[in-house]
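Q: Could you show me how to read a few side-chain features in a model, starting with the sulfur link?

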Amino acid sequence: MSVDGLLVALVHLLLTVSLAPVPPVPAEARTVVASTDGTQPAPATGRGSVPPRWLGTRELPEDPTTGYGRVRPTPPALRHRRWTLPDTVAMLPGTGYASRVVSPAPRHVVRRSSWRPGCPVAATDLAWVRLTFWGFDARRHTGELLVHRDVARDVARVFGVLYRERFPQEQVGIVRRWDPDAPATGDGNGTGAFVCRASTGATYFSQHAYGLAIDVNTFQNPYAKGRVVLPELASSYLDRRRVRAGMVTADGPVVAAFARIGWEWGGAWSRSRDYMHFSRNGR
């Protein structure tokens with residue numbers, strides 16, 4: 001399998017696996033945006049502010065040409081996606097940006113990840129990074145990542161920049177154990193790092209399997225090559241001229257923050273576009 005093929009497989013894995021169990025969001029829930037005077041958040045309503053009830057439940061038929069879900073037009077409810085899912089870890093103390101790095105990652109954290117014997121990185125080389133992030137609801141949230149211990153502090157600094165820049169994210173979490181045969185729903189979103197998966201028919205792994213790559217807001221920043229779009233319902237976000245909340249742009253704070261630690265952006269690739277993807281070696 002080519003390197004591009006491996007990357008497609010890893011992106012699909014990140015998108016078809018729920019980062020963590022998420023409790024239902026009440027229909028009356030609303031996101032908030034900053035008020036005009038910058039003091040208190042003001043309630044916001046409208047399309048895109050509340051996740052649809054069918055999110056993550058409508059399976060897509062398989063595309064026999066690609067082996068992934070069939071690409072469908074982006075549903076209206078997802079074209080301006082701007083909700084934040086409930087946090088899955090306890091809030092870090094404070095009122096601004098905060099991070100906590102534990103290296104090596106505790107065993108109970110590794111156990112709920114995709115790590116297993118045979119992965120290209122030892123469990124003791126993974127670090128658990130808890131950090132605060134700015135949600136689409138204009139509020140402070142806490143998420144978690146597993147990354148290689150060599151880059152943990154750098155990653156924490158990057159997310160500090162994103163917090164101060166008020167770059168919104170839907171959820172930041174650890175990709176849990178997965179079923180590679182699970183059907184795709186094409187509507188997954190989130191920010192994640194470590195995923196252990198070998199390429200089919202090959203002996204090499206993605207940079208995610210080393211904890212040296214991060215995907216940011218996977219729905220607002222999809223992967224595209226030929227007939228493949230991942231997530232499969234995110235085609236609306238392939239138009240990078242229509243900048244919406246959560247999108248990574250070439251001249252924006254996300255690319256700049258990762259560039260400061262020497263990481264490269266998949267949105268600048270020539271053979272494909274992986275707008276969500278950042279990695280230390282550019283792969």
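**Reading the side chains**

A: The link of Cys119 and Cys196 is left-handed, with -120° about the S-S bond. This is a predicted model, in which local features need pLDDT of at least 70 and side-chain atom pairs count only at pLDDT 80 or more, while totals for chains, interfaces and linings use all residues. Residues are numbered from 1 along each chain as its sequence is written, and side-chain values use heavy atoms, with hydrogens and water left out.

Q: What do Cys119 and Cys196 form, and how far apart are their sulfur atoms?

A: A disulfide is a covalent bond between the sulfur atoms of two cysteines. The rule applied here takes a pair of cysteine sulfur atoms within 2.5 Å, and by it the count comes to one disulfide. Cys119 and Cys196 form that disulfide, with their sulfur atoms 2.1 Å apart. Cys119 lies in the loop between α2 (107–111) and β4, and Cys196 in the loop between β6 (168–169) and β7 (213–215), so the pair ties together parts that are 77 residues apart in sequence. Here helices (H or I, at least four residues) and strands (E, at least two) are DSSP runs, numbered from the N terminus.

Q: Is Cys196 buried or exposed?

A: Buried means under 20% relative accessible area, exposed means over 50%, and partly exposed lies in between (1.4 Å probe, protein chains only). Cys196 counts as buried because its relative accessibility is 0%, and Cys119, with a relative accessible area of 12%, is buried as well.

Q: How many aromatic pairs does the structure hold?

A: Rings of Phe, Tyr and Trp (its six-membered ring) pair if their centres lie within 6.5 Å; planes under 30 degrees apart count as stacked, over 60 as edge-to-face and the rest as tilted. The structure holds seven aromatic pairs. One of them is the edge-to-face pair of Trp134 and Tyr163, at 5.7 Å centre to centre with 90° between the planes. Trp134 lies in strand β4 (residues 126–135) and Tyr163 in helix α3 (residues 152–164), so this pair ties together parts that are 29 residues apart in sequence. Both Trp134 and Tyr163 are buried.

Q: Which charged end sits over the ring of Trp134?

A: A charge sits over a ring if NZ of Lys or CZ of Arg is within 6 Å of the ring centre and within 35 degrees of the ring normal. The charged end of Arg166 sits over the ring of Trp134, 3.9 Å from its centre.
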